Amino acid sequence: MTAIWFIFALMTGLAVLALLWPMSRRPALAAAVPEGEARIATETGFYRDQLREIDRDAARGLLAEPEAEAARAEAARRLLRASREPGRPAGAFGEPALRRRRAASAFALSTVPLVALLIYGLYGSPDLPAQPQAERLAHARAAGNDLAAAVTQIEAHLAKAPEDGRGWTVLAPVYLRLGRVEDAIKAYENSLRILGDDPGRLADYGEALVAAGDGVVSSKARDAFERALKQDSKAVKPQFYLARAAEQDGNRGEARTRYAAMAAAAPPEAPWLPMVRDSLARLDGTAPAAAPATGPAIGEEQRGMIRGMVEGLAQRLAEKGGTPEEWARLVRSFMVLGERPKAEAALAQARTALGGDAGRLAPVEEVARETGLGEAAGAKAAP
Amino acid sequence: MTRRRRRSVLILVCGVVLAAALGLVLSAMRDTIVFFRSPTEVASQKVAPGTRFRLGGLVEAGSLKREADGKVAFSVTDTGSTVAVRYRGLLPDLFREGQGVVTEGVLEPDGTFRADTVLAKHDETYMPREVADALKAQGRWQEGGAAAQGQPGQGQPGPVSRTAVK
Amino acid sequence: MDLNAYRKVALVLIEVGHYALALALALSLTQMVMPVWASRAGDPVLRGVAVPAALATFACIAFAFAALTYAHVTSDFSVQNVVENSHSMKPLIYKISGVWGNHEGSMMLWVLILALFGAVVALARNAVPPTLRANTLGVQAAITAVFLLFILTTSNPFARLNPAPMEGRDLNPLLQDPGLAIHPPLLYLGYVGFSITFAFAIAALIEGRIDAAWARAVRPWTLAAWCFLTVGIAMGSYWAYYELGWGGWWFWDPVENASLMPWLAGTALVHSTVVMEKRDALKVWTVLLAILTFSLSLLGTFLVRSGVLTSVHTFATDPARGTFILGILVLFIGGSLALYAWRAPTLRQGGLFAPISREGALVMNNLFLSAACATVLVGTLYPLALESLTGEKISVGPPFFNLTFLPLAVPLLLVVPFGQTLSWKRGDLAAASQRLFVGFALALAVTLIAIAVTWGGPVGAPLGIGLGAYLILGAALEIVTRAKGKTLSLSLRRAAGLPRSAWGTALAHAGVGVTVIGIAAQAWSVESLATLPRGGELRAGPYVAVLEGVLPRTGPNYTETVAHLTIREGGDPVGVLQPGKRFYASRNMSVSEAGLLTVGASQVYASVGETGADGSVGIRLYYKPLVLLIWLGAVVMALGGGLSLTDRRFRVGAPALKPAARDAAGPVPPHSVPAE
């Protein structure tokens, strides 16, 4: 972006030249005019010109004769007065005038660049290129980061057809994953308004509300879960969050009943079962650590989406490497998806990629320990 | 006429016109000025029924009722006090429950406010200035709170009733 | 240039625009200092610097403005101003008008027009005496510099965001309207046009000399600014009429008053410069009026921009900006008035006149206009003053303005035809009345007919119609009297030979009459309101609206609910109205779109309220007789002003027109006029 400074220099140069131009040109012109006066630059010249103009206009019949006469008289009067006025044109010549012009040139040469650069330096961002929307979209697509582009496309589609409930349904979880929680809530609200209540959507909506409240189950979210449960009494997510709401309200009895019912009705291989058991244990005061606040069950659609994103991350990290935090996120994501072997592989990769630097590995190891992956994988890696 | 007399005539005429303008302004000031009151002021100051004033506050959520032939009833609150308002006419585009409103009209003897104007003029944050001030006086206003309504994804979430106990 | 090079330039365009703005500030600082210094020293060469400086300043600001427009058109969301006021889905015209539909952009438009006027003055080398021109350019540059500093430091439209968000927040839907696309530029051409008059006045005070030549140099600028302001205000009024859905055409809203005050003062100024030019009188007053007019323009900017007032027009709510603008106001208004107090006594007084004379009538005009302007000022600022002093909140509404403004406007209008008829210096009231007698009689007849036709209706309306007719007839009589010859053909030839300024005056005064008729007729407008089921009927005046159905419609960035109404008069369908309510999802905001059916100069007006669950819909229906005359009159006034501008007398000393331009008959569009 150094080119921009050349452009600035060029502009400044042109501006200063424009200012200096009359001063450089004038002496030649003054020499050409015998009276030594630039014709229009003085009062007398101006009125003399005006008189000529009136004559021309009168000759062409543009001015009626009486009007022309009056105008002539007036201009002549002013010409007389202007030529009588003392001292006025004296400033145009001689040593003081030259000195003055030199001072003026110096003033223009110094002030203009100084002020312009100072102001621009304070407020400008010369390193930031323009980013027209069309180009950004094209760029995003080319770079393979098509999620944002896809979102923008869906948004564009929805702006044209805002009553497309399915569009909102697709968009909402993506928003949530992008961290645009408020937008996700709006999208869920739109999809619910257009397509009507549906236990799955209601539960997802409630989850988004919980996410917006940093894990707190608000009355609005609770309402959504209750409506979902009314339609599908076996739905897992609403049961879990209602239990959690009761827990947050301090209503341990109810929370316990709900968790227990879930645990009792759960198929033994249910991925969320450990979390429910943890909660029960916590309520009973036997659990060592608080459970993470993530939701227990993930819908199929969402699962596919997340898997796609996680695979993308894995691929990028494998090819280009990444920050310790990104590796940590990858490991955690695989664990959340219930893919332990992949998580282990990622952990091993991270250990190689980060070069055994204990300080940088710390966040990854932290996750490994949290998810119970650390010892086993570490033990495996040790021999 | 001499120069001086012409001058004095001119000055006299100017004086008369300006005095007339001043008189008009003063007399109009007395009769046409409308005061702004918040519901709390209405409740505490006992505004006399029949006085014309502007009532501003938030439209209480759930209070809007539509009746036959275009009559509407709603309540205006500043979270301290609430005044019931009746109005006949179409409500402005920006009228919404839970948002700011300014109405102009007369207080009935029974304590309801009969509005003949519901103001549609808001700035882009949907909060009339007077209402914002009145709410600030009530301590119910957070700077930026109103702006957040116009800008999804920003600012603090609204007054969601939370059932949280940590 | 190949595509790649083009893209490289486009990449830095925004920052180059930003730099151009900074450079413009530097240039205008130079332009502020040099010519005044040169005039003091009497150095014509140094004085010449003002011309390239003014041109270069304009070029820089125009470039910066173009760069900002480019950012808006390409939806460059790395520019904060674009994020806050644009949306990639917005139609192109609103992407462009969105540039000035916000605080920062509108200030850019302000300085762009300021610099444009400066450049035009710089080029008008044969119309304005050189010393006056140099000093005027210096003052003009001072205004430009201060406003550029304001923009760059407190309202920078080139502020950038990194990383850029993917989508913008869209322009306030109320402003997404063709009317609002052109209303601010017109209004600003008016406001800023008065800056030239102001600069001329300050230059005259600095020089300590003022005469008829000054008045002649100033008049075209004043007149041009006044024309733009007239059309701009009319445009804004019409926008409020159809966009706010209330059928009102003037609300005495502070923002409207902010544009009306400079208009009133400017109207007075247009008239007082006539006196000064012809009779060398009222000099001191005219200079004061020039200062006041621009001060009111600045005040208008301040009232709208600072967020002191709250209304649909107020986009800015930043107190830091308010403080800066307050500083600007104190600097320019206070400074110029102080200069005036110091220098005005040295100005030579001239021209005597009798109270009954054209000068006298024009003094009356100035007196009433100034008094009316003062009452509007009091009504607009009193609530602010009271609130800051006592904390008591009041509103000064239409009743106040109707009670104060009308009693001052009516005598003024009564004097108008007399002013045209009386001769300069010493007039004969009896002779003038005699000449106007036909006008009186016809206007009285019109009034009586109006009363008879609308018997039992409001009393004021026929009187207003009569007043309007009196103004139009008075203007027509003026032309007739001046052109009357022995034969019809001679009269026509003489009428054609009348100076364009005479025609312009008559046209402008007739325009006032047209507007007055339009306003008076609003007393007969009818409003009705109902919640209609499908097939339901609603009557307003002679018209009945039948609800055919309610349909959804989709626009580029909104969804709309449209009511289809058939309008019948005496059983016969005369047209269809489709008022709607638009919902803009990006701002979560709905906006009414009125349905308008024009019958002659009258309109049937419908707007939509809430839609019920059963398909019924609230409809507000108005019958607005002769309502279009209000704005038509304003356009006629501006045309009159434009016609006056083409008068040859203004150009004595100006270069000759090209033959083609000279032969072009009819009024010249105002925008092409002040270019010489």
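Guide: A word on terms before we start: domain bounds here come from an automatic or database domain assignment. Also keep in mind that this is a predicted model.

Visitor: Okay, which domains does the assignment give for chain C?
Guide: The assignment of chain C lists domain 1 (1-176), domain 2 (184-197 + 206-368), domain 3 (428-523) and domain 4 (526-624).

Visitor: How far apart are the C-alpha centres of domain 1 and domain 4 of chain C?
Guide: Those centres lie 42 Å apart. The two domains are in contact, with nine residues from domain 1 of chain C and nine residues from domain 4 of chain C taking part. On the domain 1 side, four residues are nonpolar, two polar and three charged.

Visitor: Switching to chain A, how many of its residues are in contact with chain C?
Guide: 67 residues of chain A, and they meet 61 residues of chain C.

Visitor: Which helix of chain A supplies the largest share?
Guide: Helix 1 of chain A, with 13 residues. By class, the side of chain A that touches chain C has 42 nonpolar, eleven polar and 14 charged residues.

Visitor: And chain B, what's its mean pLDDT?
Guide: The mean for chain B is 70, and 67% of its residues reach 70 or more. Among its elements, strand 5 (residues 82-88) of chain B has the highest mean, 88, while helix 4 (residues 145-150) of chain B has the lowest, 32.

Visitor: Where does pLDDT stay under 50 in chain B?
Guide: One stretch is residues 121-127 of chain B, with 24 contacts beyond four places in sequence in the model. Another is residues 140-166 of chain B, with 48 such contacts.

Definitions and conventions:
Residues are numbered from 1 along each chain as its sequence is written. Chains are lettered from A and ligands numbered from 1 in the order in which they are written. This is a predicted model: local features need pLDDT of at least 70, side-chain atom pairs count only at pLDDT 80 or more; totals for chains, interfaces and linings use all residues. pLDDT is the predictor's confidence in each residue, from 0 to 100. Helices (H or I, at least four residues) and strands (E, at least two) are DSSP runs, numbered from the N terminus. Two residues are in contact if their C-beta atoms, placed from the backbone, lie within 7 Å. Ala, Val, Leu, Ile, Met, Phe, Trp, Tyr, Cys and Pro count as nonpolar, Asp, Glu, Lys and Arg as charged, and the others, Gly among them, as polar.
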